[in-house]
Amino acid sequence: MMKNIFCGETNVKEKYYLTTAIAYTSGKPHIGNTYEAILADSVARFKRYQGYDVFFQTGTDEHGQKIEEKAKSAGVTPKEFVDKVADEIKGIWDLVGVSYDKFIRTTDKDHEKQVQKIFNKLYEKGDIYKGSYEGWYCTPCESFWTESQLVDGKCPDCGREVQKSKEEAYFFKMSKYADRLLEYYNEHPEFILPVSRKNEMVNNFLKPGLQDLCVSRSTFKWGVPVDFDPKHVVYVWLDALTNYITGIGYDADGEGSDLYKKLWPADVHIIGKDIIRFHTIYWPIFLMALDVPLPKRVYGHGWLLQDGGKMSKSKGNVMYADDLVSYFGKDAVRYYVLTAMPQDNDGLISWESVIDVINSELANVFGNLVSRTIAMTNKYFGGKVSDSKVIEEVDNDLKQVVVSAVKKVTAKMDEFKIADAISEILTVFRRANKYIDETMPWVLAKDESKSDRLKTVLYNLCESIAIATSLLYPFIPDTCEKALNMFNLNVRAFDKLETFGLEDEISVTQNPEILFARIDAKVVMESVNKMIEERSAALKKQEAPVKEAVKKEQINIEDFGKVELKVGVVTACEKVEKSKKLLKLTVKIGDEVRTVVSGIALAYSPEYLVGKKLALVTNLKPAKLCGILSEGMILCAENSEGKLAFLTPETDIEDGSGIF
Ligand code: MSP
């Protein structure tokens, strides 16, 4: 539940029900998945601020073959697996301040029960029928494809390998509803946002003709069983999509709860661009078949991608919200992801760009304005200012920029252009900073006759901050609350935002806090790179196949006698350029001096080896390694974790001695 820190009551407007996609519980969500939750949260908070009676649902999608397989390789049951990941997802949503009203899990018993009822209802109606399926299955996408749908023999959605599959299965008659869906699109031009996505759906899927959809699986168990034929489980997308109604109390056999009656149809489903087809074709058609009204809008956002190379778990460079929050704090992370996303395109994130935005926008523009204004109000007026109404032309320009931002931000939010909305707010802070340079309060302060003018200037700055910070509140709530507290203000009521001059007197704190400290990129990046390296090393260690001593066949003494082993002493040693693992050793073996190239660079430094005596195979055929001819092989012991130890004579003995 949100704490009410708003000043005054805004009239309660109608309900607003919004949802995110429910995240797969296949692993910890990266910053890209987290972006969607933050985006939807900022919409929910903005709507609440406008006075809507908001209900915000998010959650987790927990069934399917991929999860069954992941659990198996982790050596736990699927339920144990999803419980852990769902907790992790919820923990991250909480960490970044996602103010959901309901967190649904598709393993919730009441959801599973409704999924079964929905399946029965559609079967009894004749929209679901039994048949058999032969096609190609993409496990990561949980999708079946026909031969002709494959692209270069791979999944058309994700480009990964597909497996041939034949199953007895239940099918849903998609084609029956195609015309009705097209009609709905035409009558509701606002249904799919951005509009470009609608054309994609019509041209790529509806016009070529919809195929019946396979809505059950029998090759794995981890799903909601079809209750009249339990060797089948319900197709994960039919299960998942229905969360939007089951979570608020839909009942396939009855009227549903009061909450359902109040909230449905949803005002918006916020989802990523990759799953628009499921939400704008399958989902509306399932609802038509159930005689349930369709959601008002589906907004498909772009993706937040990692800048500077592909994210890869094994490289340890996947960016997670909790790491980012631990370095920069929750609000800086929220601010970055919300502003990094142009509406119709993908956005980029890197550690460096986050630091850059914090320094250049949050610290330099917002933080700086707040701290300068507080410092001057304290210095010149003991912390209290009112409007003494000594107005100059420049004031009107400032007020106009501040007040007009309210409508601009609202309009952008209505179109889900969050980055643009925030940019309008930043324009106000920038304008106010410029106003300081234009009015030069430090010059006014030197002339006592200008005291009233100075008071007006500072009052205007405080009011500008009060309004713009209130507008920014839905996006970075904690910081805005902290900033307003420093002016002894609450978030201004939404319908009073355009009243510049609302406060008679504003008093500021004597002990201001820094909202966003400037970040030293060099220091932070050193620490981040260290974290990435450590993570990558730990992952490699985890994933390294355990080396077992291979049992070899028995040999006789003649076989062993073919190997010539001698003691050598290392007289020089250096790293082999272009290789991380190889060292070039000069080894004296009695009267002979040989070059030996050995893969022990990760275990030993060249300096350490010089002067050491060790055991070598001296009659191996010479071989070139990295262009250097190696004339021997050093004997080493290696344990199951890859730790090396070379073999050395127990007491000192001349080099060149044979080993038998
Ligand atoms: N479980 C399905 C959704 C079912 S909804 C009935 C699913 N899960 S997901 O975990 O793969 O993705 C959850 C959401 O995160 C989706 O909307 C997806 O588009 C979004 N994103 C996944 N990667 C993303 C980025 N890199 N950037 C932004 N959003 C991303 O799909």
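Which of the 24 residues around the ligand come nearest? They are Ile-22, Glu-36, Asp-61, Gly-272 and Asp-274, where a residue counts as around the ligand if one of its heavy atoms lies within 4 Å of it.

Before I go on, this is a predicted model: local features need pLDDT of at least 70, side-chain atom pairs count only at pLDDT 80 or more, and totals for chains, interfaces and linings use all residues. Residues are numbered from 1 along each chain as its sequence is written, and side-chain values use heavy atoms, with hydrogens and water left out.

Now the polar contacts, meaning pairs of N or O atoms within 3.5 Å. An oxygen atom of the ligand sits 2.5 Å from a side-chain N or O atom of Glu-36. A ligand nitrogen is 2.7 Å from an N or O atom in the side chain of Asp-61, and a ligand nitrogen is 3.2 Å from a polar backbone atom of Gly-32. Alone, the ligand exposes 650 Å², and the protein buries 94% of that (Shrake-Rupley method, 1.4 Å probe).

Which helix gives the most to the shell around the ligand? That is α1, with four residues; helices here are DSSP runs of H or I, at least four residues, and strands are runs of E, at least two, numbered from the N terminus.

Last, helix α4, residues 109-125. Its 17 residues reach 24 Å from first C-alpha to last, close to the 24 Å expected at 1.5 Å a residue (1.5 Å times one less than the number of residues). Just after α4, Gly-126 takes a positive phi of about 90 degrees.

Notes
A polar contact is a pair of N or O atoms within 3.5 Å; within protein, one must be able to donate a hydrogen and the other to accept it, and residues adjacent in sequence count only if both atoms are side-chain atoms.
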